[in-house]
Amino acid sequence: MNKDIILLVEDNPDDEALTLRAIRRNRIANPVIVVHDGAEALDYMFATGAHADRDVHELPAVILLDLKLPKIDGLEVLKRVRENEKTSLTPIVILTTSNEERDIIQGYRLGANSYVRKPVDFEHFAEAVGKLGMYWLLLNQNPNRD
Amino acid sequence: MKENIILLVEDNPDDEAFTLRAMHRNHIANPVVVVRDGVEALDYMFAAGKYADRDVKELPAVILLDLKLPKIDGLEVLKRVREDARTRIVPIVILTTSNEDNDIIKGYQLGANSYVRKPVDFEQFTSAVGQLGMYWLLLNEPPPSKY
């Protein structure tokens, strides 16, 4: 598997640990960058703040974006990433426990590539993460590739 | 599996047969509507022409869209579907032999959800279609019909 980066935006430490475990279990060896709130997600994407020394041209192959986030919520992160020319094409998958129609519709309207509900039990969750990884890292053609 | 519709926009009869075979082989039992050019694709989406009696609010769970199409090409189909409030959030996967950076960038700029290259070899093609089907029919939460 290639070295494309996965950006995981997740504030819940349990969900973070579960996601990382699921990624490893599916033998996805790509680097995973974890950010824990919306402000940090935007700092990463725009190479500002704590991520100021990052190369802004190196964009993740996929962002796994939770919706309920401290500081700036997921839908607002999505909106700002789509509005910025440098980052606008980055594949973004909303990965959330929310099943509200409002969130689904709003997510797509703001340009999410996909909306996936987090399964509650770990086996299903691991399976979902494996499919997500295979799809966005291997099958999908990344617009940010060099 | 839910009875979500797949809209396959494909003008090449061999590729159409391959895709349908690959779906069956992957036990994807969802109804597949096949349209063979860009005009027919738009007629389906906007419930016009021979699809006039269709309910425009019933969106497919995913559109598999080829790029090189007669009458209206795939990128133009994508653009028009995205411009119309009734259809603009339907998931669209570009499924094409083209690997040109231009097409990939343009596809995403016009709002494609995903861009997948058709593998040339049938086994790989079958596996790609299986992954596509599982992803967009089972894992992805489509926009609610009649939202």
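This is a predicted model: local features need pLDDT of at least 70, side-chain atom pairs count only at pLDDT 80 or more; totals for chains, interfaces and linings use all residues.

Author: Two strands are said to pair if DSSP finds at least two bridges between them.

In chain A, five strands form an open sheet with parallel pairing, and their order is β2-β1-β3-β4-β5. The edges are taken by β2 (32-35) and β5 of chain A. Each of these has a single partner strand, so one side of each is left without a neighbour in the sheet.

Strand β4 (residues 92-96) of chain A is joined to β5(A) by four bridges, and the two run parallel. Within this pair, A:Leu95 stands opposite A:Val116 in β5(A).

In total, 19 residues of chain A are in contact with 20 residues of chain B. On the chain A side, the elements that give two or more residues are α4 (101-109), β5 (114-117) and α5 (122-139). By kind, the residues on that side divide into 11 nonpolar, four polar and four charged.

Next come two helices of chain A. Helix α2 (residues 38-46) of chain A and helix α3 (residues 74-83) of chain A have axes that come within 9 Å and cross at roughly 20 degrees. Angles under 35 degrees count as roughly parallel, and therefore α2(A) is roughly parallel to α3(A). The crossing of α2(A) past α3(A) is right-handed. From α2(A), the contact uses A:Gly38, A:Ala41, A:Leu42 and A:Met45; from α3(A), it uses A:Gly74, A:Glu76, A:Val77, A:Arg80 and A:Val81. These residues divide into five nonpolar, two polar and two charged.

Last, a pair of strands in chain B. Strand β1 (residues 6-9) of chain B and strand β2 (residues 32-35) of chain B run parallel and are joined by four bridges. B:Val9 stands opposite B:Val35 in β2(B). Between the two strands, the chain goes from β1(B) through helix α1 (residues 13-25) of chain B to β2(B), and this β-α-β crossover is right-handed.

Methods:
Residues are numbered from 1 along each chain as its sequence is written. Chains are lettered from A and ligands numbered from 1 in the order in which they are written. Two residues are in contact if their C-beta atoms, placed from the backbone, lie within 7 Å. Ala, Val, Leu, Ile, Met, Phe, Trp, Tyr, Cys and Pro count as nonpolar, Asp, Glu, Lys and Arg as charged, and the others, Gly among them, as polar. Axes are lines fitted to C-alpha atoms, for helices over the stretch in contact, and angles run from 0 to 180 degrees between N-to-C directions. Angles under 35 degrees count as roughly parallel, over 145 as roughly antiparallel, 65 to 115 as roughly perpendicular and the rest as oblique. A crossing is left-handed if the near helix is turned anticlockwise from the far one by less than a right angle, and right-handed if clockwise. A crossover is right-handed if, with the strands pointing away from the viewer, the path from the first strand over the helix to the second runs clockwise.
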